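Here is a short report on one structure. Look at the sequence and the 3D view, then read on.

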Amino acid sequence: MKVNLSKDELAEMMRRMIRIRYFEDAAVELHKNGEIRGSLHTSHGQEGEIVGACMALRLDDYMVGNHRSHGHPIGKGAKLRGLMAELLARETGVCRGKGGSMHLADFSVGSLGETSIVGSGIPVAAGAALGAKMQGLDRVSLCFFGDGAAQEGAFHEGINFAAIWQLPAIFLCENNGYAVSTPISKTALVENIADRAAGYGIPGVVVDGQDVIAVHEAVSAAVQRARAGEGPTLIEAKTYRYLDHAANMGRDLKYRTDEEIESWRSSKDPIARFQARMLQDFKFEASEIEAIDAAVKEDVADSVTFAKDSPFPDPAEAWTDVYAPIVA
Amino acid sequence: MASKTFLQAIRDAQYEEMQRDSNVFIMGEDVECNMFGTTTGMIDDFGRDRVRDTPIAEAGMAGVAAGAAMVGMRPIVDFTIAPFLYPAFDQIMSIIAKSRYLYGGQAKVPVVLRANMIYGNGNAAQHSDRPYSMFMHMPGLKIMVPSNAYDMKGLMKSAIRDEDPVMSFEDVALWSTKSEIPDEEYLIPFGVADIKQKGKDCTIVAIGAMVNLALAAAEELAKENISVEIVDPRTLAPLDTATILESVKKTGRLVIVDAAFSRCSAASEISAIVSDEGFWDLRAPIVRVTTADTHIPFSSSMEPQLYPSKDKVVAAVRRTLS
């Protein structure tokens with residue numbers, strides 16, 4: 001589906017992609033220094049599919065994601081301060097220091113939570129779509145998950161629920177080729193995860209995940225279908241993650257070659273590719289892109305300062321929000 | 001006042017709450033055809049949008065309910081038989097129980113997960129569990145195990161209105177038992193035990209259908225002038241420990257009757273709490289009357305002996321007094 005994007009929207013696409021890239025660059029450094037604890041799963045290389053998908057959504061649409069959790073809320077429009085503060089385990093974090101890197105959520109922008117049990121978000125996203133439908137809202141619900149999650153039972157059950165009830169859901173498989181170290185060739189016989197859509201009686205679409213515009217068009221078509229009451233779509237974005245499954249896993253697992261990583265980085269990087277198109281096809285001046293870049297760098301630096309200046313949660317907070325507060 | 005069965009109480013609570021709040025809906029296997037009698041008349045009055053038959057996909061049912069709840073709905077999910085909760089374990093434990101906490105209070109997951117417990121009828125190991133203690137282990141869940149139709153209705157209505165996830169464990173042995181149910185609306189709060197009868201010699205804490213066993217045992221013991229106090233906790237999470245400790249303080253003796261397996265059971269937890277907080281009130285060791293720690297066999301030559309019985313409860317109380 002051809003979408004006419006305004007210059008502002010194109011600029012916003014670039015802005016969101018580099019917000020993810022620079023935010024995660026900063027996070028990797030903070031993790032190396034020991035300032036971020038726990039595990040850190042980055043989406044370097046996957047920014048195109050994230051932003052292409054999220055830009056097809058409205059702010060009040062719902063989104064569910066996974067352990068590779070930073071890019072999704074940034075793509076959906078969340079402010080960086082609360083996200084970085086969460087990574088740094090501060091009281092001002094979006095989850096008030098209880099979720100951390102794998103579990104970002106910002107309900108104010110429709111980000112209903114990233115879940116770290118692989119595949120578990122798929123039925124939840126279907127449920128949010130059911131809620132929107134039953135309430136008569138024209139909201140849609142989009143779920144990001146990886147190729148690993150596509151082998152989980154939750155994938156089957158969640159998508160089938162959305163299909164039989166014709167729910168306004170978009171299932172976006174971020175196929176980066178590897179479930180941790182295990183290549184997709186070892187875990188699925190079908191060439192495309194999207195081919196499985198036929199088994200649910202819904203459309204399946206394969207798209208180049210490194211092309212932000214192509215993803216945006218594919219997801220926009222699915223959103224249009226969903227809002228029109230025509231049910232869910234399974235979209236598979238072929239993408240690639242540059243860094244390890246999680247930062248600091250300690251050793252080189254040697255499941256892929258440096259040449260493979262380099263070939264994706266050098267010829268298919270979603271940000272570099274889009275920048276080239278902005279200059280050539282969309283008539284941006286280099287200075288305009290530089291201005292976006294500089295503003296994002298400032299934003300990321302601000303988020304780190306904000307986070308570091310924020311207090312850690314009071315230890316007593318460990319016991320809050322287990323249940324709803326008791327209303328007298 | 002009207003005499004209603006346990007099943008009618010479930011149905012009436014659901015029906016009234018669906019009338020009251022358009023966000024309440026029911027989903028589960030065979031709910032449209034009213035397989036077990038808890039959705040009588042509902043398809044006619046609420047339609048297929050709010051009485052939803054599902055595929056046999058328990059993880060999907062739980063996860064879909066969780067997602068709907070996060071955006072403002074109040075789903076009731078009928079899992080039918082309790083071991084059918086196991087395929088949904090991930091969704092219940094990692095999503096439903098934890099989302100409020102994990103996302104720093106942004107998420108609320110007001111779902112009611114219903115499961116019935118059928119045992120003692122030759123349905124063998126995979127259909128006969130009473131698994132509430134597995135879920136008691138997990139913070140974030142509320143758990144009700146009502147012992148009669150009156151409590152069932154009042155607790156179910158509270159469960160549907162609760163801001164947190166509630167699991168309702170419904171003993172099939174109680175299905176046809178009746179209570180007098182008031183015509184006017186009433187709610188029973190969670191975490192408030194009911195003292196079924198006062199007594200001074202020994203406290204029996206009995207869970208779900210075991211309350212009736214305890215009442216029968218108490219009647220027999222009364223003939224020997226043994227006075228038993230019976231506490232029905234009604235909800236296991238939250239658990240009304242204050243009422244249990246208060247009763248033990250008075251009687252000095254405690255028997256816990258729980259139809260679940262003994263190991264890591266609700267009975268074990270109650271026993272631990274009373275040992276921790278009421279030890280100096282005890283005049284005898286705590287006795288648990290539970291189901292034996294083996295699987296439930298099919299044959300009637302093996303099955304009945306495994307469960308708590310009136311005689312076992314009577315013997316347990318005598319043991320505390322000997």
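A residue is buried if 20 or more other C-beta atoms lie within 10 Å of its own, exposed if 12 or fewer, and partly exposed in between; C-beta atoms are placed from the backbone. This is a predicted model: local features need pLDDT of at least 70, side-chain atom pairs count only at pLDDT 80 or more, and totals for chains, interfaces and linings use all residues. Residues are numbered from 1 along each chain as its sequence is written, while chains are lettered from A and ligands numbered from 1 in the order in which they are written.

Start with A:Gly71. It counts as buried because 30 other C-beta atoms lie within 10 Å. A:Gly71 sits in helix H3 of chain A. Helices (H or I, at least four residues) and strands (E, at least two) are DSSP runs, numbered from the N terminus.

A:Gly71 is in contact (C-beta atoms, placed from the backbone, within 7 Å) with residues beyond four places in sequence, among them A:Ile20, A:Ser43 and A:Glu47. A:Glu47 is 24 residues away in sequence, yet 7.0 Å away in space, C-alpha to C-alpha. A:Glu47 is also one of the buried residues of H2(A). In that helix, eight of eight residues are buried.

Now turn to the chain pair. In contact are 36 residues of chain A and 34 residues of chain B. On chain A's side, H5(A) gives the most, with 10 residues. That side divides by residue kind as follows.

| Kind | Residues of chain A touching chain B |
|---|---|
| nonpolar (Ala, Val, Leu, Ile, Met, Phe, Trp, Tyr, Cys, Pro) | 21 residues |
| polar (the others, Gly among them) | 11 residues |

Terms used
Contact = placed C-beta atoms within 7 Å.
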